[in-house]
Amino acid sequence: MLTELLNKVYELGTPLLFGAITTVTLTLSSLVLAIILGLVLALIRLLNIKVVNALISTFVEIFRNTPVLAQLFILYFGLPYMGIKISPFLAATIGLSLNGGALLSEVFRAGLSAIHFGQRESALSVGMTPWMSLRYIILPQTWRITLPPIGNYAIALLKDTAVVSAIAAPEIMFYARNLVTRTFDTTFIYILAALLYFCLSFPLARIVDRFERNQKVWQ
Amino acid sequence: MNSPLLRLENIHKNFGDLEVLKGIDLTLEKGKKVAVIGPSGCGKSTLLRCINYMEIPSSGHIYMEGELFGEKKLNNTFGKLNSKELAKQRSQIGMVFQSFNLWPHLTAINNVALGPTVVNQMPKNEAYELAKSMIEKVHLTPKINEYPERLSGGQQQRVAIARALAQQPKLMLFDEPTSALDPELIGEVLNVIQELASEGRSMVLVTHEINFARELADHIIFLHDGIIIEEGPPSEVIDNPKNERLKTFLNQIVKT
């Protein structure tokens, strides 16, 4: 009975683990890209160039107010019409990065505006250039403020990558669905997949919790 | 011919329609101390912030040791400095803020050493030696590794003074350095400023501490509605004021 169960877990779990590799790679790559994009957008906004800011907030609002699924479909099925053919994985990475970049740009914007303007002034007063004050004074503080929300976003992202199975990117849910159509062992497979997500997400959630608790201490 | 350390020439500053400074002239010789007094909103902080181009004057010019500050001559007109050139000039002027503005993510010594390391590209150990001696100057050696959060207001302000000193500035600007402090902490900060003054440093001080201004300054400026109404040595401006508004102002200060 037990060996039977273990055999089943092994048989169905192995393909899911392959999917997990894609899930993790996809999460990490789109997280890094989203952080870079979000930060760059938030910094450009600080320059207060009207036209540019209007473009950025249009971008942000479009991505914030439409479903990720629709965004992915448009990227994956729409781009070939313009002669650009991309793999499901690449489409997923681009889609999640753009979506995450839009969300995180708001997080960074809030983080940057939480820092008192006196911080920048005192940096300038000792002879720093605006770039130095950003690099040594503003960004290190912004980073600490925004780390918890970025962590929460990372947790959400890890689970939301499930949506990219819809464009056949080979991650956990994609393998799970394939197994279901092959074996019809629906409940068991999805529980297994859910467990796998939990194992990936739970440690991440603990780390984020620690960051949140330590947020106020500047040591 | 020796140029004065600092010369302001007809400085005006507008914020939108509001004219905050209406033509300020001021000359400061090396080693001298000027105190700027006046009621709230008279433009004294703005004046101080114009001196190191934290606010850009709407018109007028500033010279340091005879050299144009914050601008450059282009043929017959004045042009803006780029941010690097401006930063280089600013590093010659130390500024101390009302709200200290220490960097909370750095310890006291790192607050002081960061400027020398990134602005002057001093080797790390040299910058730390310098920072240590500056912190000693403000009598905070035991607090050298504390974060600003763990320091009292008076201690924070003294670290901020050490940070400004680490640039070895030719001129120190103090923008109401004790206004944000609890009364019992004001003394320690004023003592440090007094010590710096006796070293022969040049200073411009904006303050509400009239007695301190009288002791410290060679020259007092009374600013009202963006113009200098009365100026001179403390013995005249504070002890024998001529202008009615100055008299009223001094009376109110003494009463409170």
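Student: In this predicted model, which residue is the bridge partner of B:Leu173 in E10(B)?

Tutor: The partner of B:Leu173 in E10(B) is B:Val204. As a general idea, strands of a sheet pair through backbone hydrogen bonds, either parallel or antiparallel. Here, strand E9 (residues 171–175) of chain B and strand E10 (residues 202–206) of chain B run parallel and are joined by 5 bridges.

Student: What is the order of the strands in the open sheet of chain B?

Tutor: The order is E8-E9-E10-E3-E11-E12, which gives 6 strands with mixed pairing. At the edges are strand E8 (93–96) and strand E12 (227–232) of chain B, each pairing on one side only. From one strand to the next, the twist averages 15°.

Student: Which helix lies across E8 and E9 of chain B?

Tutor: That is helix H5 (residues 153–165) of chain B, which runs at about 170° to E8(B).

Student: Which residues make the contact of H4(A) with H6(A)?

Tutor: Among them are A:Leu96, A:Gly100, A:Leu103 and A:Phe108 of H4(A), and A:Ile138, A:Thr142, A:Pro149 and A:Tyr153 of H6(A). The residues of this contact divide into 12 nonpolar, 4 polar and no charged.

Terms used: Residues numbered from 1 in each chain as written. Chains lettered and ligands numbered in written order. Predicted model: local features only at pLDDT ≥ 70, side-chain atom pairs only at ≥ 80, totals over all residues. Contact = placed C-beta atoms within 7 Å. Helix = DSSP H or I, 4+ residues; strand = E, 2+ residues; numbered from the N terminus. Nonpolar A, V, L, I, M, F, W, Y, C, P; charged D, E, K, R; others polar. Pairing = 2+ DSSP bridges. Axes fitted to C-alpha atoms, helices over the stretch in contact; angles between N-to-C directions.
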